[in-house]
Amino acid sequence: MTYEIIASGFGGQGILFTCKMLAEIGLLDGKEVSWLPSYGPAMRGGTCSCSVRVSEKLIDSPLVTSPNLLIVMNLPSYEKFVPAVKAGGKVFADSSLINSGVKPADGVDCFMLPATKLALDNDLKSMANIIMLGKVFKETGFASMETVEKALKEITAKKPHLFDLNMKALDLGINYSA
């Protein structure tokens, strides 16, 4: 399976961390990986997005224009990227911040998850992105939990106290059902 992923949201929502995590997991699984961030005035709340490709085959370009996996954390990102999702793809959207009449195309699964609300309700203020990743992992089979945990340990190695918080956030997403 080749994953062509776009993750997008406001600056400060952890979009680049989300994609770094996806790329690290791909590398640990021995896959070919590309990671391409794109952001404007994200430090001021502007929109930030990132493209990730994870594949068994060589990757010809890091740019993703028609994702088969979309993670969106705000309304502008949802409205911009949902129409581009390939048939058979999956959309994961933060329903705490997204209420749109735009619907994915036929053949695209859409998972609405109140990630921001769950993060606030569980004292995980800045981890809505990780909650969303938990849902992504559950619904896609992107990687084994062993690989996810290993990647998370590597990424949080300089701040080991964040490992348990991130695992709690992942579990919230994995176990969420509407």
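**Exercise 1.** Find which backbone nitrogen lies 3.1 Å from a polar atom of the side chain of T140, then work out the setting of T140.

*Solution.* Start with the nitrogen: the backbone nitrogen of F142 is the one 3.1 Å from a polar atom of T140's side chain. This is a predicted model, where local features need pLDDT of at least 70, side-chain atom pairs count only at pLDDT 80 or more, and totals for chains, interfaces and linings use all residues. Residues are numbered from 1 along each chain as its sequence is written, and side-chain values use heavy atoms, with hydrogens and water left out.

Then check burial: T140 has 18% relative accessibility, so it counts as buried (under 20% relative accessible area; exposed is over 50%, partly exposed in between, with a 1.4 Å probe and protein chains only).

Last, list its contacts (heavy atoms within 4.5 Å): setting aside neighbours within four places in sequence, T140 touches Y3, L69, K90 and F92.

**Exercise 2.** Which residues of helix 6 are buried, and where do they fall around its axis?

*Solution.* First pick out the buried ones: F163, N166, M167, A169, L170, G173 and I174. Looking down the axis of helix 6, these fall within an arc of 165 degrees, so they line one face (the arc takes directions from the helix axis to the C-beta atoms). Finally, see what the buried residues of helix 6 pack against: helix 1 (15-28), helix 4 and helix 5 (145-155).

Definitions and conventions:
A polar contact is a pair of N or O atoms within 3.5 Å; within protein, one must be able to donate a hydrogen and the other to accept it, and residues adjacent in sequence count only if both atoms are side-chain atoms. Helices (H or I, at least four residues) and strands (E, at least two) are DSSP runs, numbered from the N terminus.
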